[in-house]
Every structure is written in structure tokens, then in C-alpha cells.
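Here are my notes on the model you sent over. Have it open while you read.

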Amino acid sequence: MKIVVIVRTRDETKRIGKFCESYRDADVIIVSDGGSLDDTESIASSYPNVILKPFTERVELNNGYWRNNDAAHANHLIQEARKLDPDWIIYDDCDCRPNYLLKQDYRDILSTSTERVIMAVRVYHWNEDEWFPRFSSPTGQYEASLWAWRGDLNFSFIDNPPAYWFALNGEQVEKNDLRLAVGVKDLMPPYCLLHYSWNEETVEYKRKNYAESGFIRDFGDPREFAGERSPIEEWMRE
């Protein structure tokens, strides 16, 4: 069974090593860097299962800022992954990685799955010692989102700034539609993905960057919209 992990990067020195370490036993990790000025690529290339596939397209913004188009960047990764004829493709952002239980079991989960898509719950951290329960379970129940799919599925992404939509066979697909179209397995806690994008430094950086570039003028603070924080629980560790 061949597992290919794909991840977009740009200036991810603080995170790329931990991401690659989380998937050390994947067959291949494709890192597509969008123009880092730090050590992202050199750190990534130190892992023997990493292949670098740079992404050079830029979207010019205000005041000299620029960004990579998220959908085009992700589609570039999917195209590169499918060239390797994988049984499974795992896709996530560089600031999100599996907890220790999922890390030790994901190969077994994929190899025994009769479904074609695997969804997992993301636990949204504040720093590394707190999390936002309501944001991970907005309806009082945990909600899983796309994490892995069989390599023969024709997944892609459709641009919808500031993010993107998922598409199957070129058509936008919602979670419920996907469940009808293909078999979906939901991984629930204690399996989860740990999302580390939020702390005071990153929130302030994004607020300044997005406002000055004009990309997102009203970027919110998760301490204001994501609910109360709680100490992380044992199963949320790496």
C-alpha cells in the first residue's frame, strides 16, 4: 500500500519539521513550497521520504504583498501525487498534524478501510496547551472534515477566496453529497488532527498582513469567535 502525503508551504520553518515527522512512515511526502525565504525547503529535504515540488504562481496584492492561490497550489500537489500511483492521498495544512493515536494507527486504518474517503476531526489549539471545544464541535457533536482519499478518486479544488471548495470530477461537492457519491469513514476522537495555527503571534501577524494586503480586511481573533478555551486533554497530544 502506497501512501502519499501532500502539503503546501511558504515560510514554515517552525512547523515543517514536525509535520514531516508526523508522517515519517508515509511512502512519500510531497512538499510544494510557494516561495519561502526561510529554511522550509532545506528542513523538509532532510527527511528521506520528502519530494520537493515548488509552486511558482503568485497573486499580487496591495502594498507589495503577494500570495499563492490556495486552490491552484493544492491542485498542483494532487497532480504530482497522482503521478506516483498512490493507493491513498493524505492532504492537510502544515499547521495541522495527527495526534499520537492517529499517527501510530493511520496506516492500519487506511489499509483496512472499505470506504474511499476518510474524514477526521480537527482540534483547534490556542498555543499548545489550550483548545476551543465549541469550534471542534459546533453543534455539540464532533464534526469530521476531509483528510484522506483513495488515489483513483478525481478530487480537486475550486477557488473561493479566502479559501477554496472541494470538487469531485470537476463539480463542487459538499460533505453530504460526498457521502452519497462515495463511501466515507469518519474518524472520531480519540483519533484527531491537531490544528496549531492560533496564538497571539500568528493572530497579530495575520491581522496585519491581511489588512495591509487587502486580502482579508476583517480577519477575526479566535478568542472572540471560537468560544471559550479549555486545557487540552490527554488524547490531544502528539
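1. Ground rules. This is a predicted model, with local features needing pLDDT of at least 70, side-chain atom pairs counting only at pLDDT 80 or more, and totals for chains, interfaces and linings using all residues. Residues are numbered from 1 along each chain as its sequence is written, and side-chain values use heavy atoms, with hydrogens and water left out.

2. Helix α3. Helices here are DSSP runs of H or I with at least four residues, strands are runs of E with at least two, and both are numbered from the N terminus. The end C-alpha atoms of α3 (residues 70–82) sit 19 Å apart, which agrees with the 18 Å that its 13 residues should span at 1.5 Å a residue; the expected span is 1.5 Å times one less than the number of residues. Ten of the 13 residues are buried (under 20% relative accessible area, 1.4 Å probe, protein chains only), including His 73, Leu 77 and Glu 80.

3. Cysteines. With a disulfide taken as a pair of cysteine sulfur atoms within 2.5 Å, the count is zero. For Cys 20, the nearest cysteine sulfur belongs to Cys 94, 7.1 Å away. Cys 20 counts as buried because its relative accessibility is 0%.

4. Strand β6. Both faces of β6 (residues 88–91) are covered: Trp 88 and Ile 90 are buried on one side, Ile 89 and Tyr 91 on the other.

Technical notes: Buried means under 20% relative accessible area, exposed over 50%, partly exposed in between (1.4 Å probe, protein chains only).
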